[in-house]
Amino acid sequence: MARALWLPNVLRSAGLTVHEVSGWRTRGSETFDPVAVVAHATAGSRNSSDQDEINVLLTGSPTAPPPIAQLYLGRQGHWWVVASGRCNHIGNAALPGTGRAGNGYAIGIEAANDNRGESWSTIQYISYLRGVAAICSYMGWSHTRVFGHKEISSSGKTDPSFNMDIFRDKVRAIMAGGDEALMAVLTDAQVRKMFDYIDKMGWVFVHRDGAWSLVRGMASALAGIAQIQAGVTSLLEQVRSVAGSTGMTPEQTAALEAVIRDAFDSSALQTTVNDLKAAAIALQRAAEEPVPPPEVGDASIEESGSEAVESGEVRPASEAV
Ligand SMILES: [Zn+2]
């Protein structure tokens with residue numbers, strides 16, 4: 001039984017942007033022994049601000065006392081640590097495969113999404129995956145310790161709207177090291193630019209391998225280009241060094257430099273270009289596949305600023321504690 005004081009560092013270690021909500025270290029009961037992570041959607045307004053959503057998590061509702069969840073994930077992929085102790089997000093719901101049930105055993109993540117058909121931006125969705133993967137890795141959990149609220153709820157909850165089997169598959173892939181490792185090759189600006197592009201292309205890439213192929217291809221290409229640039233720089237330095245001691249004319253030096261640049265252009269760079277082309281082809285194929293519509297939550301049950309205060313969320317007092 002212990003507070004999850006490791007949350008900010010673990011998320012930051014995964015390369016995520018993490019904010020700490022004042023008082024998080026002592027918020028929530030310390031009777032807390034997490035064995036699983038439960039993904040939620042806030043089901044607030046589509047136009048809600050991060051502060052609006054966090055306020056709901058901090059103030060709770062008549063049926064769900066605060067704090068509602070340990071973590072909040074904004075639409076821009078930023079994380080906020082709200083509490084380190086037990087929160088009130090699943091009632092007494094059982095956590096399949098763990099032999100445990102209830103809030104004392106689950107880390108809750110509330111992600112901003114209206115749960116009424118709002119699509120998930122790729123940057124938020126991938127941040128969700130990376131954060132959950134980081135938590136599971138730290139705790140030594142497999143991807144099977146990840147649940148969607150809708151999968152375990154006994155009160156008809158429908159959040160989050162995305163497919164949990166696909167979500168778990170992606171978490172497993174990130175934990176296996178491939179995609180997470182590749183992310184480190186890209187700068188934040190490159191990641192953001194790529195996600196912006198993927199967002200423009202639509203939801204399809206979250207469900208297909210195209211987005212990951214793009215990431216892989218781009219990362220490989222960028223790493224290749226960086227290596228080539230380093231190699232060329234090193235060789236050119238050698239040429240200049242030799243030129244100084246052998247009395248080469250500037251014209252001769254320039255000609256040798258040109259030969260070196262040509263050599264890289266014609267061979268190693270071609271490999272990089274081929275990687276980029278392969279990524280483009282994968283993207284094209286993904287784009288040609290039919291687009292699955294996002295799953296849409298039950299629009300009849302949501303009204304107010306948080307799922308915890310929806311009519312559908314009303315729980316007996318014992319369940320909310
Ligand atoms: Zn929920």
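Me: Let's start with a proline. Where does Pro67 lie?
Reply: Pro67 is in the loop between H2 and E3. A cis peptide bond joins it to Pro66, with omega about -5°. Keep in mind that this is a predicted model.

Me: Which other residues have a cis peptide bond between them?
Reply: Asp159 and Pro160 are joined by one, and omega there is about -10°. Pro160 sits in the loop between helix H4 (149–152) and H5.

Me: OK, big picture. How many helices and strands does the protein have?
Reply: Twelve helices and eight strands. Of the 321 residues, 39% are buried. If you take contacts between residues at least 6 apart in sequence, 77% of them join residues at least 24 apart.

Me: What's the pLDDT like on average?
Reply: The average is 77, and 61% of the residues score at least 70.

Me: Where does it stay under 50?
Reply: Residues 202–208 are one such stretch, and the model has 20 contacts beyond four places in sequence for them. Residues 297–321 also stay under 50, and there the model has 63 such contacts.

Me: Let's talk about the sheet. In what order do the strands run?
Reply: The order is E1-E4-E3-E7-E2-E8, six strands in an open sheet with mixed pairing. At the edges are strand E1 (18–20) and strand E8 (146–148), each of which pairs on one side only. On average, neighbouring strands are turned by 25° against each other, ignoring direction.

Me: Mixed how? Which strands pair in the antiparallel sense?
Reply: Strand E3 (residues 71–73) and strand E4 (residues 79–81) do, over three bridges. Leu71 has Val81 as its bridge partner in E4.

Me: And what's parallel?
Reply: E3 pairs with E7 in the parallel sense over three bridges, and Tyr72 stands opposite Glu110 in E7. Strand E2 (residues 36–41) is also parallel to E7, with six bridges between them. In that pairing, Ala41 has Ala111 in E7 as its bridge partner.

Me: Remind me, what holds strands like these together?
Reply: Strands of a sheet pair through backbone hydrogen bonds, in either a parallel or an antiparallel way.

Me: E7 keeps coming up. How many of its residues are buried?
Reply: Six of the six residues in strand E7 (residues 106–111) are buried, so the strand is largely enclosed by the rest of the structure.

Me: Which of them point which way?
Reply: Ala106, Gly108 and Glu110 point one way from E7, while Ile107, Ile109 and Ala111 point the other way. In a regular strand, side chains alternate between the two faces of the sheet.

Me: Now helices. How many residues does H3 have, and how far does it reach?
Reply: Helix H3 (residues 122–139) has 18 residues and reaches 26 Å from its first C-alpha to its last, close to the 26 Å expected. 15 of the 18 are buried, so H3 is largely enclosed by the rest of the structure. Gly140 follows H3, and its phi is positive, near 75°.

Me: And H5, which of its residues are buried?
Reply: Phe167, Arg168, Lys170, Val171 and Ile174. Seen down the axis of H5, they fall within an arc of 160°, so they line one face of the helix. Helix H5 (residues 164–175) has twelve residues and reaches 16 Å from first C-alpha to last, close to the 16 Å expected.

Conventions
Residues numbered from 1 in each chain as written. Predicted model: local features only at pLDDT ≥ 70, side-chain atom pairs only at ≥ 80, totals over all residues. Helix = DSSP H or I, 4+ residues; strand = E, 2+ residues; numbered from the N terminus. Expected span 1.5 Å × (residues − 1). Buried ≥ 20, exposed ≤ 12 C-beta atoms within 10 Å, placed from the backbone. Arc of directions from axis to C-beta. Pairing = 2+ DSSP bridges. Axes fitted to C-alpha atoms, helices over the stretch in contact; angles between N-to-C directions. Contact = placed C-beta atoms within 7 Å. pLDDT = per-residue confidence, 0-100.
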